[in-house]
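Thanks, everyone. I will start with the fold and then move to the ligand site.

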Amino acid sequence: MTAQQLFQPFRLKSLELKNRIVMAPMTRSFSPEGVPTPKVAAYYASRAEGEVGLIVSEGTVVNRPASSNDPNIPHFYGERPLAGWKAVIDKVHAVGGVMAPQLWHMGVVAAKPSGWLPPAPFEGPSGYVVPGKIGGVAMTEDDISETVWAFAQAAADAKTLGFSAVEIHGAHGYLIDQFFWHPTNQRIDGYGGQTLAERTRFAVEIIRAVRKAVGPDFPISLRISQWKLQDYAAKLATTPQEMEAWLVPLAEAGVDLFHCSQRRFWDPEFTGSDLNFAGWAKKLTGKSTITVGSVGLSGDFLAAFQGETSTPRSLDELLRRFDRGDFDLVAVGRPLLADAGWSRKIHEGRSSELTSFSKEALATLS
Ligand SMILES: Cc1cc2nc3c(=O)[nH]c(=O)nc-3n(C[C@H](O)[C@H](O)[C@H](O)COP(=O)(O)O)c2cc1C
């Protein structure tokens, strides 16, 4: 298996990467009281040493009272968490790595089995945790503008700490996606509406505020998905026209890079073409894109959570699409969670040394 084309450099504004491999954001819950520990720093640095081009951090939450449902998920605000992140980026830089934090607000989510709850009710566009079921409060316009500000502040802090880009988590049924998705966004003010384009306003405001906070040359990635944890089969955009009406305003607001989350990168987005989500996003917006989803593995990550073991799989189909210019970067999740050296092994053609992924790998941070 040779994949030398993935080891060409990539440049986007001030971001310079030595190759096309991105570590996908993966929540690990190893940051007690929201503070990343030295072990977290070592975990990311080892992926940089293993030849990952761009590390996207696990989702790290912005400064809102109920942005998280787990006290072990890192914060991206406050003195101690930001000092923890400074130690992470310094360690990643020391081994030549490049990193972006993934900025996150969960929106309305269920409590964890531990029963831990944030100091305020979960908040979202209309209070729905799943379609038809209230699990939190509907945000006021003040809540919305404070949340927009919280994302912008976190992005400014990321730049000050020395990160090379930011990623905004707009996917998987969390806050920003709850605004995109009609079943969870039933608002009748300017943040709701019958069309996806209308429901994109909240995200557009966040991107504009982030752009203002980081300046013109600092790359902003937006992670988006059609699927949601609440509904794997959901589709925000059912046609290329709807996708264009969704993504073009976001590109105009300042997104440089669309990180297009699919469970399986080879699934076509619309009938009549084999283009995947990242392929369509690039074609419709002209922006750079990242593909993701079961790269190098036999089974998808939700099956892995259910206990299915995924085994290594050829990169041929990925490379066919990459060579065609469908996307610029390739994010890899579980293989890099389980094996810090995955990218180097691919580069050196050591495919016999690639390992399987099983959910036991989630229990430790190494
Ligand atoms: C343990 C774990 C935690 C994850 N946490 C996040 C997260 O914080 N933010 C996010 O956007 N996606 C998250 N994901 C999804 C991954 O970024 C990625 O899209 C998914 O694992 C598919 O890639 P893979 O098949 O290479 O693992 C997570 C996935 C896993 C396995």
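How many helices and strands are there in the protein chain? There are 12 helices and 14 strands, taken as DSSP runs (H or I, at least four residues, for helices; E, at least two, for strands) and numbered from the N terminus. The radius of gyration, over C-alpha atoms, is 19 Å, close to the 21 Å from the globule rule for 366 residues, so the chain is as compact as a globular protein of that length. That rule is 2.2 Å times the number of residues to the power 0.38.

Two notes on the source. This is a predicted model, where local features need pLDDT of at least 70 and side-chain atom pairs count only at pLDDT 80 or more, while totals for chains, interfaces and linings use all residues. Residues are numbered from 1 along each chain as its sequence is written, and side-chain values use heavy atoms, with hydrogens and water left out.

Next, the polar contacts, meaning pairs of N or O atoms within 3.5 Å. A polar side-chain atom of Gln102 lies 2.9 Å from a ligand nitrogen. The protein covers 95% of the 610 Å² of accessible area that the ligand has on its own, by the Shrake-Rupley method with a 1.4 Å probe.

Key:
A polar contact is a pair of N or O atoms within 3.5 Å; within protein, one must be able to donate a hydrogen and the other to accept it, and residues adjacent in sequence count only if both atoms are side-chain atoms.
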